[in-house]
Amino acid sequence: MIKVAIPITGKEEYRSIKKVIFDGNFVSGKNVDLFERKFSKYIGTKYAVCFNSGTAALHAALNALGLKKKDEVIVPALSFISSATAILHQGSIPIFCDVNINNYCMDPISLEEQITKKTKAIIPVHFAGSSCDMIKIKKIANKFNLKIIEDCSQAHGSKYFKKKLGSFGDISCFSFYATKHMTTGEGGILCTNNKSVYEHCKSFRTHGMIDRDTHSFLGFNYRMSEMNAIIGLEQLKKLDKVNKKRVRNSLYILSKLKKNNKKDSWFQIQEPIKNIYHTYFWCPIKILKKNISIDMVKRKLVKKGIEIRSRYKYPLYKQEVFQKLKLNGSQNYKKLFLPNAEKLSGRIFGLPNHYKLKEKEMNYIIRTIKNLFK
C-alpha cells in the first residue's frame, strides 16, 4: 500500500523526549517557552502561545477578541469542522460563506455578502496548504472593522506574495496533529503581534490564571506538555526540508496528470496559482463525472494499493451539529445553499505526496489515476 502520509518523526524526537522524561518537568516549562519563541520567529510574529490542539488555539483566539453571544463570525463552508465549532464553543454564531472553485479557499465576494451589523470576525481557512486571497480579505476586514483569525492548520510554511501565512491576520492558529506538515503528536499554537491577546491567551489556557492564587476569568485546561513541545522543536528544524520534498512530489504528480489528459477525463487537477507558495497538505484532485463517487474512487485505488485523503463530503452547514441548531442569527443552515461548496463537497481527494515517495511510486500513482475508469 502506498500510504497517503507517513510518520515524520525519528531518532531526534525520540532522544529529545528522553531528556524531558529524565528532567521530570512535564507541563509548561522551558521547552514550551522555547518552542513558542522559535515558531513565532519562523512565522514572523512577535508572540506565540502553545495549546494542546489547534481547536483550543481557535477557541482561545475567539475568546481573546471578546466575542459574545449573538456575535457572528464568518467561516468558509468547506473546512474541517473545528473551524466552525470553535465559534460555538465561544457561544457565538458561525456564518458560512462560499469558497473559491479553483483552490477551495474562502471566496472574498461571498464573504462580503455575508457581513451584517452583528459580524465581528472572519476566519479564512488556508485549505490544504494553499492560500486565501489575503489582500482582498484584509481590505474587506478594514472596510467593516472586522478582526481576522487565520486558520493555518493545513498551511505550515505556505506563503502568499512571499510572506508566510499566519502573519496576515490579527491572530493565526496552527494544528500539530499527527498528519500535518509538522507534528507534536497532538497540539496547536496561536500567533499574534498583539501583546494583550498574547497575555490573555497565556492565562486562558491555564484556567484564567494570573498567578498561583488568582483566576480572573473563566479559562480552560488547554496547556501543551513539555514532551509535545520538544517534539515540535525538532519538527520545526525539518519543516522547510520536508515541505520542499512534498511540494516537489505534488508538482511532479500534478504536472504528469495534466500532460496528455483527455478532454473527457474523469478528473481535474488543481492548477498552481501565481504568488502562492502552496505546500500541498493535499495533492488535490477533483472528480468531474457525476456517475463517479468518492467512495468508488477510494475502493478502486485501495485495490490498486494506493491510499488517498478524503473528507469534506458535505458543506459544514449540512453537518447534523449545525442542522440541529436553533440560532437567532442571519443564517438558516437548513435553507443555506452555497454553489461552489456544494459542487466541491464529496468531489475532491488527495493523492499520496509525502516526502519519502519514490519516483517509481509516483509514476505508478499517475498511471493508475489516468486509467482508473477505462
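**Strand pairing and helix packing in the predicted model**

Strands β4 and β5 (residues 147–151) run parallel and are joined by two bridges. Two strands count as paired if DSSP finds at least two bridges between them. Helices (H or I, at least four residues) and strands (E, at least two) are DSSP runs, numbered from the N terminus. The structure is a predicted model, in which local features need pLDDT of at least 70, side-chain atom pairs count only at pLDDT 80 or more, and totals for chains, interfaces and linings use all residues. Residues are numbered from 1 along each chain as its sequence is written, and side-chain values use heavy atoms, with hydrogens and water left out.

Lys70 is found in the loop between α3 and β2. Its phi is about 80°, although Lys70 is not a glycine. Ala128 is found in the loop between β4 and α6 (134–144). The phi of Ala128 is near 60°, again a positive value in a residue other than glycine.

Helix α3 (residues 54–64) packs against helix α4 (residues 82–89). Their axes come within 9 Å and cross at roughly 45°. Axes are lines fitted to C-alpha atoms, for helices over the stretch in contact, and angles run from 0 to 180 degrees between N-to-C directions. α3 and α4 are therefore oblique to each other. Angles under 35 degrees count as roughly parallel, over 145 as roughly antiparallel, 65 to 115 as roughly perpendicular and the rest as oblique. The crossing of α3 past α4 is right-handed. A crossing is right-handed if the near helix is turned clockwise from the far one by less than a right angle, and left-handed if anticlockwise. On the α3 side, the contact is made by Thr55, Leu58, His59 and Leu62. On the α4 side, it is made by Ser82, Ser83, Ala86, Ile87 and His89. Contact means heavy atoms within 4.5 Å. By class, this contact has four nonpolar, five polar and no charged residues. Ala, Val, Leu, Ile, Met, Phe, Trp, Tyr, Cys and Pro count as nonpolar, Asp, Glu, Lys and Arg as charged, and the others, Gly among them, as polar.

Among the contact residues of α2 are Val32, Leu34, Phe35 and Phe39. Those of α8 include Ala229, Ile230, Leu233 and Leu236. The contact of α2 with α8 has ten nonpolar, two polar and four charged residues.

Asn228 also lies in helix α8. Not counting residues up to four places away in sequence, Asn228 touches Thr184 and Glu186. Asn228 and Thr184 are 44 residues apart along the chain, yet their C-alpha atoms are separated by 4.8 Å. The side chain of Asn228 reaches the backbone oxygen of Glu186 at 3.3 Å.

Helix α8 also lies across strands β12, β14 and β15, running at about 30° to β14. These three strands form an open antiparallel sheet in the order β12-β14-β15. β12 (267–269) and β15 (348–351) stand at the edges with a single partner strand each, so one side of each is left without a neighbour in the sheet. The twist averages 35° from one strand to the next. Strand β14 (residues 283–287) pairs with β15 over four bridges, in the antiparallel sense. Lys286 stands opposite Ile348 in β15. Helix α9 (residues 294–303) lies across β14 and β15, running at about 20° to β15.

Another open sheet has three strands in the order β7-β6-β13, with antiparallel pairing. Its edge strands are β7 (163–164) and β13 (276–277), and each pairs on one side only. Strand β6 (residues 159–160) and β13 pair in the antiparallel sense over two bridges. Tyr277 in β13 is the bridge partner of Lys159.

Definitions and conventions. Polar contact = N/O pair within 3.5 Å; in protein donor to acceptor, adjacent residues only side chain to side chain.
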